[in-house]
Amino acid sequence: MKIYLETYGCQMNVGDSGKILHLFRQQGYEPVAAARDADLVVINTCSVREKPELKLFSALGRYIPLKRRNPDLVIAVGGCVAQQWGERLQEKSPGLDIVFGTHQLDRLPEMVTAVRRRRIPLSRTEFGPVPGGLEVMARPESGTVSAMVTIMQGCDNFCSYCIVPYVRGREYSRPSRAIIEEIEMLAAAGVREVMLLGQNVNSYGCKTPGEIGFAELLRQVAGIDGIARIRFTTSHPKDLTDELIAVFGELEKLCPALHLPLQAGSDRVLERMGRGYSASAYLEKVEKLRRVVPDIALTTDIIVGFPGESEADFAATLKMLEQVRYDQIFSFKYSPRPGTRAAAFADMVSEEEKKERLARCQAFQDEISFAILAEQVGRVSEVMVTGPSKRGGEWSGRTPENRIVNFPVAAGEIGPGELLRVKITEAMKHSLRGEVAP
Ligand code: SF4
């Protein structure tokens, strides 16, 4: 049997798709690169922004007609859009066999079996106390250097624009024992770098009596032999504690890179977003971090055109970009998500204004990003080899700050996972070039 898997959205979804693939591999399925060659098509969706939803309906428009040629084809949709729409997805897209919610990932194999047997559409979107599928531990494919490990799911913050608490459910932290066991298994299989994942990783354990906190979890992960680098995403500025900041100075394996979503630079907008911090409180944390790790690379998320955002509010966001000097930003136009508080705000910013501000924001940041890359020229960095470079003929790797470096090495001399000292020789638009240092 063959499975075709399509994933939209964030890294959490990429991690979930790895688990789905693992579950079906255990049943003898092999992945294929095209839906037309598959017996099972799974689309793992995201609804944080509008685009992936549109993408889903266009994908279903292409895949459902494949059933004319292959009546045994089963089509399933999971993830946040599935959670949000439930069986209404099947009303909108007749021919869609399975809708599985964000807590139902581990039920998918039995749902596929039931659909094959009875040929009736199925939909399961209930929330359980523990999200199903979190304990599915996908073995890495041979040669995998970097692996994602979900440590928590859901969110209790209810920022006014965000759909996550409604589609992923309330915050749930996996038992630390299970996380450590999974990472030990990954390390034994050759994985050298782990990315700890969750909607709000730095509140890990806070609501589970008797569980350790995130800083302690990082210490325990750092104690696992074979793991050379630890990263995590995504975190909330209000939960960035002094203890967690100190851990950056304490643990050599913890990479000096942090994704710290700002969203907006104006206190008025932050307040309406329900973010729980002001611009000055955010800056204070950045300063504390930089006192501990002066070269830490920061990245962030920015929403432009939030309801009521004035030109002065937007200017405050640009000012924050200038003050913090992020390596990279992930910036988006605000899009109302159904059921969220902000969707009911009356003072929407026009599409043209949002578009124009987004372009200005990105152009402003491009200059900062390039300046940071240019500052690296002449430095020697420890690079973890990830594989051949995209353009070919060279190798590619990442610095501890997560910057991409391409460099020439004679074929066969190195392999993924190796740590090399690389001298940076040139800054490109989004990456660096270098040569292996003697
Ligand atoms: S912290 Fe806010 S933006 Fe992040 S997932 Fe939770 S509700 Fe959404």
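Two strands count as paired if DSSP finds at least two bridges between them, and helices (H or I, at least four residues) and strands (E, at least two) are DSSP runs numbered from the N terminus. Everything below comes from a predicted model, in which local features need pLDDT of at least 70, side-chain atom pairs count only at pLDDT 80 or more, and totals for chains, interfaces and linings use all residues. Residue numbers start from 1 along each chain as its sequence is written.

**View 1. β7 meets β10 in a parallel pair.** Five bridges link β7 to β10 (residues 193–197). Look for Ser146: its bridge partner in β10 is Glu193.

**View 2. Three strands make an open, parallel sheet.** The order runs β7-β10-β11. β7 (146–150) and β11 (229–233) sit at the edges with a single partner strand each, so one side of each has no neighbour in the sheet.

**View 3. Helix α1 lies across the strands β7, β10 and β11.** This helix covers residues 11–25 and runs at about 95 degrees to β7.

**View 4. Helices α8 and α9 pack together.** α8 (residues 214–222) and α9 (residues 242–250) have axes 9 Å apart, at an angle of about 20 degrees. That's why they count as roughly parallel (angles under 35 degrees). Phe214, Ala215, Leu218 and Arg219 of α8 touch Glu243, Leu244 and Val247 of α9 (contact: C-beta atoms, placed from the backbone, within 7 Å).

Key
Two residues are in contact if their C-beta atoms, placed from the backbone, lie within 7 Å. Axes are lines fitted to C-alpha atoms, for helices over the stretch in contact, and angles run from 0 to 180 degrees between N-to-C directions. Angles under 35 degrees count as roughly parallel, over 145 as roughly antiparallel, 65 to 115 as roughly perpendicular and the rest as oblique.
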